[in-house]
Amino acid sequence: MRSVARAAFTLRIKPDRVDEYVAAHRAVWPDLREAISAAGIRNYSIFLYENIAFGYLESDDLERSWEALAREGVNQRWQDAMADYLEARVADEGPTLLPEIFRLD
């Protein structure tokens, strides 16, 4: 089970598409924002280092959140659009999560 309260992931953006990827995320569709929130995802941020996007989010039940998003047509359309910018498409069940190795509360 992938249920966690905090999660992080990285995505590799095609080096020649970074500016377009950033521009797309400055204008995330309102219905996608609503779907993310409705799926129980909160405190979601994406950071950029060169051509690597680092995502951080929180959810009480991440597995359930990914499943809810996978059922949303708007999420599928967004993933289709973002696939053009990425070196590898994000899986329907969500990105591969990074293991947490340190935490200071």
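Reader: Which residues lie nearest the centre of the largest pocket?
Author: In this predicted model, 33 residues line the largest pocket. A pocket is an open set of 1 Å grid points, over the protein atoms alone, where a 1.4 Å probe fits, with protein on both sides within 12 Å along at least five of seven lines; lining residues have an atom within 4 Å of a point. Nearest the centre lie His25, Ile36, Tyr44, Ile46 and Trp78.

Reader: Which element gives the most to the lining of the largest pocket?
Author: Two or more residues each come from β1 (6-12), α1 (18-26), α2 (30-38), β2 (42-49), α3 (62-70) and α4 (73-83). These are DSSP runs (helices H or I, at least four residues; strands E, at least two), numbered from the N terminus. With seven residues, the most comes from β2.

Reader: How many residues of the lining of the largest pocket are nonpolar?
Author: Three of the lining residues are charged (Asp, Glu, Lys, Arg). Eight are polar (the others, Gly among them). The nonpolar ones (Ala, Val, Leu, Ile, Met, Phe, Trp, Tyr, Cys, Pro) number 22.

Reader: Which element gives the most to the lining of the second largest pocket?
Author: This pocket has 12 lining residues, with Arg6, Ala7, Ala8, Leu98 and Glu100 closest to its centre. Two elements give two or more residues to the lining: β1 and β3 (52-58). With three residues, the most comes from β1.

Reader: How many residues of the lining of the second largest pocket are charged?
Author: Nonpolar residues number 10 in the lining of the second largest pocket. No polar residue is present there. The charged residues number two.

Definitions and conventions: Residues numbered from 1 in each chain as written. Predicted model: local features only at pLDDT ≥ 70, side-chain atom pairs only at ≥ 80, totals over all residues. Heavy atoms only, no water.
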